[in-house]
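Open the model in your viewer and keep the sequence beside it. This tour says what to select at each stop.

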Amino acid sequence: MTDTVVPASPALVGGTPVSVPGRWRQLAVVVAPLWADNNESSVLSTLAPVIVAAVGAPAAAVGYLTSVGKFISIVFGPLWAWVARKTNRKIAFAVASGLAGIATAATGLAQSYTQLILLYGLSAVFIAAALPIASEITADLFDDTSRGRANGYTWGVISLLGSVLGPLIGQLSRVPDGWRYGFFIWGAVTTLTAVLLAVFFTDPAVGASETTTSLPTARQQAEDNQITWAKVRQMLRIPTFVLMLIQRLISGHLLIASFGIVFLVHTYGFSTAVASIVTLPFGIGYLLGTFGGSVATDFLQSRLPRIGRVIVLQFAQLGFGVVAVVGTQHNWGGIGVFAGFWAVLGFMQGLNPGVNRPIVAAVVPPEMRGAAFALLLSVFEALAYALFNLVAGLLTDVIGLRGVMLWIPGILMLVNAAFCTILYRTYPRDVERQRALLAERAAVG
C-alpha cells in the first residue's frame, strides 16, 4: 500500500512556507500540559525536606525518586511517541496528561516511602509522553526559520513559570501536610491542562510547516524520528555528534534543579520556604540565557562561522562550573546572595538549548535529525539526569551534600568545559562534510 501525503492545513506554494494559522495560540495550548508535566517534579524538589521527614525517607530520597522518574521516561517516552503516531497525537497527549494529573494527585496520598516511590513512578509513566509528542507537534507548527525561536520561548517560559511558582510551593512547607496539598493542586492543574488541550487544540497535521512542496508522509516522518540501530551506527560515525552525546553525559548542572533546595536547607540551615526563593532568580536567569544566548550564538556564528557555537557552548559549561564552586562551597549568609548565584547558574544553563541543538543539526543529515535529537535528549540527557541524581543520593551519605555540589555541578562541569575543546577540531570538519553531502544531493536531484 502506497503512503498518501498527510494533508496539511496551510498550503505550500512554490516551496514557500505559509504559516500555520494560529500557530502561537496552538503552541500555547500544547505547552500548557508540557509545562504542567515538566514542573510536577518541582513539588518534589522544592518540598523535599518536609516530604522526607513525613514519610520517613532518607535524606537522599529526592535523588532516588528523580532518577526513578528519569529512567522511566527513557523507556516510556519513545513508547508514547509510538502510540501517538499509531493513533492520534491530540488524544494520546490529552489522555496521558490527564492520567499524569490523577497519578500526581494520588502521590499526595502516600503514607510511606515505598508508596511514594510507586506513586511517583506511576506519574512518571504518563508524564513521559509530554516531551516527545509536544516536540513533534512544535516542529509541525513552525518552519525551520522559526523553530529555534519557538523552542526557546517554550522552554524559557516553562522555566520562568516554574520558578515563579517555586517560592509559592515552598510556602506549603509552613502548613501541616502541605506537601500533600502541593501534589493535589498540581494534579488538578495538570488535569485542567489536559482538558484545555482536548477542547482547544487542533493538530496541524504532519509536515504542515515544511518548506518543500513534497510533504513527508506520516510513515516517512515516523521513520525519520525513529531510533534504529542502522541510524545509530551511521550517526556514531560523525565525531561531533559522538562528542555531543558524551558532553550531555557529563553535564552535572542538571543536578541543581533537583538538589538545590535540599542542599540549602541541610547545609546552610535555611527553612524550606526561604530556600525555595532561589528558584525565581534561577528561572529569570534561565530565561535570559535562553533568549540572550540565542542572540549571542547567532552573532558569534555570523562572525566566526567555524567555531562561534563551540565558543558559546564551552563558555556555558565553564561559567556554570566556576559559579557552582564559588556559590555552593561557602556560607554567604543571607538567601539574597545565594539567589544571585542561582540567577547566574540559571543564565549559564539557559545558554545550552540555543547552542547544542544547532550544533547537532549542522552535522547530522536532515533525515536523521529527529532520531539524533531523540538520542541526545530523550536518551542521553535523561540518562545523565537519572544517573547524577542516583549517584548524588548515594554520595550524600559519604561526602555530604556540600561535597556532592562541589564535584558534580562544580568540578565535573569544569571537566565538561575542557572536553568541549575537542569540538574546535571536529565541528568545522563535520559541518563541511554535511554541506558537501547536501550540495551533492542538490546536484543529483
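This is a predicted model: local features need pLDDT of at least 70, side-chain atom pairs count only at pLDDT 80 or more; totals for chains, interfaces and linings use all residues.

Residues are numbered from 1 along each chain as its sequence is written, and side-chain values use heavy atoms, leaving out hydrogens and water.

**Whole chain.** Show the chain as a cartoon: it has 20 helices and zero strands. Helices (H or I, at least four residues) and strands (E, at least two) are DSSP runs, numbered from the N terminus. Of the 445 residues, 54% count as buried, meaning under 20% relative accessible area with a 1.4 Å probe, protein chains only. Among contacts (heavy atoms within 4.5 Å) with a separation of 6 or more, 84% join residues 24 or more positions apart.

**Helix 7.** Select residues 130-141. These 12 residues reach 16 Å from first C-alpha to last, close to the 16 Å expected at 1.5 Å times one less than the number of residues. The buried residues of helix 7 include Ala130, Ile133, Glu136 and Asp140.

**Helices 15 and 16.** Select residues 279-303 and 308-328. Helix 15 and helix 16 pack at about 140°, with axes 7 Å apart; axes are lines fitted to C-alpha atoms over the stretch in contact, and angles run from 0 to 180 degrees between N-to-C directions. That angle makes helix 15 oblique to helix 16, because it is not under 35 degrees (roughly parallel), over 145 (roughly antiparallel) or 65 to 115 (roughly perpendicular). Now show side chains: Thr297, Leu300 and Gln301 of helix 15 meet Gly308, Arg309, Ile311 and Val312 of helix 16.

Key. Buried means under 20% relative accessible area, exposed over 50%, partly exposed in between (1.4 Å probe, protein chains only).
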